[in-house]
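The sequence and structure come first.

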Amino acid sequence: MDTTKLGAWQTLLSEELRKPYFEALCARVDEAYQTAAVFPPEEELFSAFSLTPPEKVKVVILGQDPYHEPRQAHGLAFSVRNGTKLPPSLQNIFKELSSDLGVEPPASGDLTGWAEQGVFLLNSVLSVESGKANSHKDFGWQVFTDAVVDAIASLPQPVAFVLWGSQAQKKAAAAGNSAYPRLVLQSVHPSPLSAYRGFFGSCPFSRINDFLTRNGCSPIRWTV
């Protein structure tokens, strides 16, 4: 794995990148890319990090693992490339966005514009084999992304965390463990299997912007 693509996160995570587990993780991921179809493309593995450096983070939205079908995953949780059919979970995110803020549901599922404003779109597991959801869950990615969440605790700016589903909610304690202003929002996953059990009507987007403005930060423009 090319950790130079972590950008400014390299400094913040320097100790983590030297640990034996991370060396083993790199070896497993490199082998996976060489022997199977893996998403996102290797050059986009750390897109969330390069698009949202530590000093710009305002919001962290945690996903589980990348979409596992071709031309979907490009390194940002829940996001798909422009022109790709919207996955059901993303359709539900946009439905809630429309209900919450009156934003017209976008046709494009590319959330790069959110990332560039400071929305860190982080999956708990950063890679997946084609057609095999959660196939890299035992590689060690969660240890790394736990460390990323811990590192965000040290950032001095206000940060809102959005934890959708049980996998993301495992990071709730770490997300709120900071001396600086934090908002931790938790609900069921936006998947069609669970969205009607508390995701719809949770109003995360307005709550995030209220938190940011109360703490002297500019709100996120949620239009895509």
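In which loop does Pro40 lie? Pro40 is in the loop between E1 and H4. Helices (H or I, at least four residues) and strands (E, at least two) are DSSP runs, numbered from the N terminus. This is a predicted model, in which local features need pLDDT of at least 70 and side-chain atom pairs count only at pLDDT 80 or more, while totals for chains, interfaces and linings use all residues. Residues are numbered from 1 along each chain as its sequence is written, and side-chain values use heavy atoms, with hydrogens and water left out.

**Backbone angles**

Most residues other than glycine have a negative phi, and most peptide bonds are trans. The bond that joins Phe39 and Pro40 is a cis peptide bond, with omega about -5°. Arg71, which is not a glycine, has a positive phi of about 65°. Arg71 sits in the loop between E2 and H5 and is exposed, with a relative accessible area of 63%. The accessibility classes used here are buried (under 20% relative accessible area), exposed (over 50%) and partly exposed (in between), with a 1.4 Å probe and protein chains only. Cys203 also has a positive phi, near 50°. Cys203 belongs to the loop between strand E6 (182-187) and H10, and at a relative accessible area of 29% it is partly exposed.

The expected span of a helix is 1.5 Å times one less than its number of residues. For the 14 residues of H5 (residues 88-101) this gives 20 Å, and the end C-alpha atoms are 20 Å apart, which agrees. The buried residues of H5 are Ser89, Leu90, Asn92, Ile93, Phe94, Glu96, Leu97 and Asp100. An α-helix has 3.6 residues a turn, so residues three or four places apart point the same way. The buried residues of H5 pack against helix H6 (112-117), strand E5 (159-164) and helix H10 (204-214), where contact means heavy atoms within 4.5 Å. After H5 comes Gly102, with a positive phi near 75°.

H7 has 13 residues and should span 18 Å; its end C-alpha atoms are 19 Å apart, which agrees. Buried residues in H7 include Trp141, Phe144, Val148 and Ile152.

**Salt bridges**

Side chains of opposite charge can pair when their charged atoms come close. With a salt bridge defined as a side-chain nitrogen of Lys or Arg within 4 Å of a carboxyl oxygen of Asp or Glu, the count comes to 5.

Glu44 is buried at 17% relative accessibility, whereas Arg81 is partly exposed at 29%.

Lys171 is buried at 4%, and Asp146 is partly exposed at 34%.

**The largest pocket**

Rolling a probe the size of a water molecule over the atoms shows where empty space is left. On a 1 Å grid over the protein atoms alone, a pocket is an open set of points where a 1.4 Å probe fits, with protein on both sides within 12 Å along at least five of seven lines, and lining residues have an atom within 4 Å of a point. Grid points are joined across faces, edges and corners, and the volume is the space filled by probe spheres set on the points.

The largest pocket holds about 510 Å³ of space. It is lined by 32 residues, and the closest to its centre are Asp65, Pro66, Tyr67, His68 and Ser89. Ser89 is also one of the buried residues of H5. H4, H5 and strand E3 (119-123) each supply at least two lining residues, and E3 gives the most, with 3 residues.
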